[in-house]
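Here are my notes on the model, point by point. Please read them with the structure open.

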Amino acid sequence: TPQTPGATVLIIGLGAMGLLNGLAARVKGAARLIGSDPVAVRRAKALELGFAAAVDPALGDLAAQVRAANDGRLADLVIVGPGYGPAIEQGLTCAAPGGSVVLFSPSPPALTVPLSPHALYFAEVCLTASYSCGPRETREALALLESGALDPSPLVTLRVGLEGVGDAIRRTVAHGADLKAVVFPHSGSRP
């Protein structure tokens, strides 16, 4: 991701990876984290993890919600988690002049979104994509985890043994409340 010291970072999509991106941005020096997700439980988790605001994109005009949560400003960095059109379009409207929009997840091959090169050019907004990582990024991520600077454990909301995998999948699909499940194959669920 682009450098974030002092930045306001908007995370669109507050699943486990979106929240982890927010936590990583904080480690990199982001001053303010704002999250966007239509699922109330995920917005609540973002606030619990220290996001300054968590907004509902279903309420309309995400850019206005970001401005309201950010002293009238748009975000310096927007990380768009879901690889689908409306999320990408919303992300493009939420970047401040000189900001960046990162497409974090893949999109279907046939997906297209309206894009104004004129608007990006004159606002000097950088649009980039994230695909996997190289050895340097992997070493950096492992160092953050090993040092404890980045702690993903609050994202694990369900622990099950192999016998509980089916129920865990049904529970996650039906309720959307679980962010990340850990399966313990030999010992059943553990705390």
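1. Of the contacts in the chain with a separation of 6 or more, 57% join residues 24 or more positions apart. Contact means heavy atoms within 4.5 Å.

2. A word on the basis. This is a predicted model, where local features need pLDDT of at least 70 and side-chain atom pairs count only at pLDDT 80 or more, while totals for chains, interfaces and linings use all residues. Residues are numbered from 1 along each chain as its sequence is written, and side-chain values use heavy atoms, with hydrogens and water left out.

3. Overall build. The chain holds seven helices and eight strands. These are DSSP runs numbered from the N terminus: helices are H or I with at least four residues, strands are E with at least two. The chain's radius of gyration is 17 Å, close to the 16 Å that the globule rule gives for 191 residues, so the chain is as compact as a globular protein of that length. That radius is taken over C-alpha atoms, and the rule is 2.2 Å times the number of residues to the power 0.38. The C-alpha trace spans about 60 × 35 × 35 Å along its principal axes.

4. Surface and burial. Of the 191 residues, 38% are buried. Buried means under 20% relative accessible area, exposed over 50%, and partly exposed in between (1.4 Å probe, protein chains only). The chain exposes about 10,500 Å², and carbon and sulfur atoms supply 60% of that area. Accessible areas come from the Shrake-Rupley method with a 1.4 Å probe; for residues, only the protein chains shown count as cover.

5. Charges. There are 15 positive and 15 negative charges, and their mean positions are 4 Å apart. Lys and Arg count as positive, Asp and Glu as negative; His and the chain ends are not counted. Each charge is placed at NZ of Lys, CZ of Arg, CG of Asp or CD of Glu.

6. Is lysine 45 buried or exposed? Lysine 45 is buried, at a relative accessible area of 13%. Its place is in helix α2, residues 40-48. Beyond neighbours within four places in sequence, lysine 45 is in contact with Leu19, Pro154 and Leu179.

7. Asparagine 21 counts as buried, at 14% relative accessibility. Leaving aside neighbours within four places in sequence, its contacts are Ile11, Ile79 and Phe104.

8. Alanine 7 lies in the segment before β1 (8-12). With 9% relative accessibility, alanine 7 is buried. Not counting residues up to four places away in sequence, alanine 7 touches Gly29, Ala30, Ala31, Arg32 and Asp76. Alanine 25 is 18 residues from alanine 7 in sequence, and their C-alpha atoms are 8.9 Å apart.

9. Please check the backbone at two loop residues. Most residues other than glycine have a negative phi. Aspartate 71, not a glycine, has a positive phi of about 55°. Aspartate 71 is in the loop between α3 (62-69) and β4 (75-80), and is exposed at 68% relative accessibility. Glutamate 124 also has a positive phi of about 55°. Its loop runs between α5 (117-123) and β6 (126-129). Glutamate 124 is exposed, at 62% relative accessibility.

10. Helix α6 (residues 135-147) has 13 residues and reaches 18 Å from its first C-alpha to its last, close to the 18 Å expected. The expected span is 1.5 Å times one less than the number of residues. Just after α6, glycine 148 takes a positive phi of about 90°.
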